[in-house]
Amino acid sequence: MLSPTTLAAAFDRVSEYWSPKVIGQVNDQLLKVAKLKGEFVWHAHEGQDELFYIVKGSLRIEFEDEAVDLEQGDFLTVPSGVRHNPVAREECWVLLIEPAATKHTGEEITSRTRSLQEQLGQ
């Protein structure tokens, strides 16, 4: 049986900053929620675009030659291969939409890197 999920309830599953949780799937695209605060890590996703939708708060996404500021209700698609670094001065809630094959921090491995299994809650 199909049952709806509220986005706010999905964020209850997130207990750590920068640790996304998969909340759904549409074909080969995963829907993930994450709470962000502070600076993440410079990285790129080769072969996959990544969409950021700001549910609550604001987010700056730094690129090598510019930065884009996003507010609640804004979304931005980061194209495949573009190096970026998300920065949230205050707590920010974000919905991410990206292919299932997307690695959390691309080829950069840090203490904040989460495997797909961790993002699935396994």
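## F40 and its stacking partner

F40 has a relative accessibility of 12%, so F40 counts as buried. This value, like the others in this report, comes from a predicted model. Which ring does F40 stack with? The partner is W18: the two ring centres are 4.6 Å apart and the planes meet at 10 degrees, so the pair is stacked. The planes of a stacked pair must be under 30 degrees apart.

W18 sits in the loop between α1 and β1, while F40 sits in the loop between β2 and β3. The two residues are 22 residues apart, and their pairing links distant parts of the chain. W18 has a relative accessibility of 4%, so W18 also counts as buried.

## The second aromatic pair

The structure holds two aromatic pairs. The other one joins F11 and W93, and this pair is stacked too, with 4.6 Å from centre to centre and 20 degrees between the planes. F11 belongs to helix α1, residues 7-11, and W93 belongs to strand β7, residues 84-99. Here the partners are 82 residues apart, and the pair again links distant parts of the chain.

Are F11 and W93 buried or exposed? F11 has 0% relative accessibility and therefore counts as buried. W93, at 15%, counts as buried as well. The cut-off for this label is under 20% relative accessible area. W93 has a further neighbour: K56 lies over the face of its ring, 4.3 Å from the ring centre.

## The nonpolar cores

The largest nonpolar core has 16 residues. Inside this core, the residues with the most contacts are L36, F52, I54, L59, I61, C92 and V94. Which elements give two or more residues to it? They are β2, β3, β4 and β7. Strand β7 supplies the largest share, four residues.

Not counting residues up to four places away in sequence, V94 touches F11, K32, V33, A34, L36, F52, Y53, I54 and V55. Another core, of seven residues, lies apart from the largest one and includes V14, V33, W93 and L95.

## A88 in strand β7

A88 is found in strand β7. Its relative accessibility is 1%, so A88 counts as buried. Leaving aside neighbours within four places in sequence, A88 is in contact with L36, K37, G38, S58 and L59. A88 and A8 are 80 residues apart in sequence, and their C-alpha atoms are 19 Å apart in space.

## The hairpin of β1 and β2

In which sense do β1 and β2 pair? They pair in the antiparallel sense, over five bridges. G24 stands opposite L31 in β2. The two strands form a hairpin with two residues between them. In the turn, N27 has a positive phi of about 55 degrees.

## Salt bridges

Side chains of opposite charge can pair when their charged atoms come close. The structure holds three salt bridges. In one of them the side chains of K32 and E98 meet, at 2.6 Å from N to O. K32 lies in strand β2 and E98 in strand β7, so this pair ties together parts that are 66 residues apart in sequence. K32 counts as buried because its relative accessibility is 1%. E98 counts as buried because its relative accessibility is 3%.

Another salt bridge joins the side chains of D69 and R60, at 2.8 Å from N to O. With a relative accessible area of 45%, D69 is partly exposed. R60 counts as partly exposed at 28% relative accessibility. R83 forms a salt bridge with E64, and the closest N and O atoms of this pair are 3.1 Å apart. R83 is in the loop between β6 and β7, and E64 is in the loop between β4 and β5. These two residues are 19 residues apart, and the pair links distant parts of the chain. R83 is partly exposed, with a relative accessible area of 31%, whereas E64 counts as exposed at 63% relative accessibility.

Key. Residues are numbered from 1 along each chain as its sequence is written. This is a predicted model: local features need pLDDT of at least 70, side-chain atom pairs count only at pLDDT 80 or more; totals for chains, interfaces and linings use all residues. Side-chain values use heavy atoms; hydrogens and water are left out. Rings of Phe, Tyr and Trp (its six-membered ring) pair if their centres lie within 6.5 Å; planes under 30 degrees apart count as stacked, over 60 as edge-to-face and the rest as tilted. Buried means under 20% relative accessible area, exposed over 50%, partly exposed in between (1.4 Å probe, protein chains only). A charge sits over a ring if NZ of Lys or CZ of Arg is within 6 Å of the ring centre and within 35 degrees of the ring normal. Contact means heavy atoms within 4.5 Å. A nonpolar core is a set of buried Ala, Val, Leu, Ile, Met, Phe, Trp, Tyr and Cys residues joined through side-chain atoms within 4.5 Å. Two strands pair if DSSP finds at least two bridges between them. A salt bridge is a side-chain nitrogen of Lys or Arg within 4 Å of a carboxyl oxygen of Asp or Glu.
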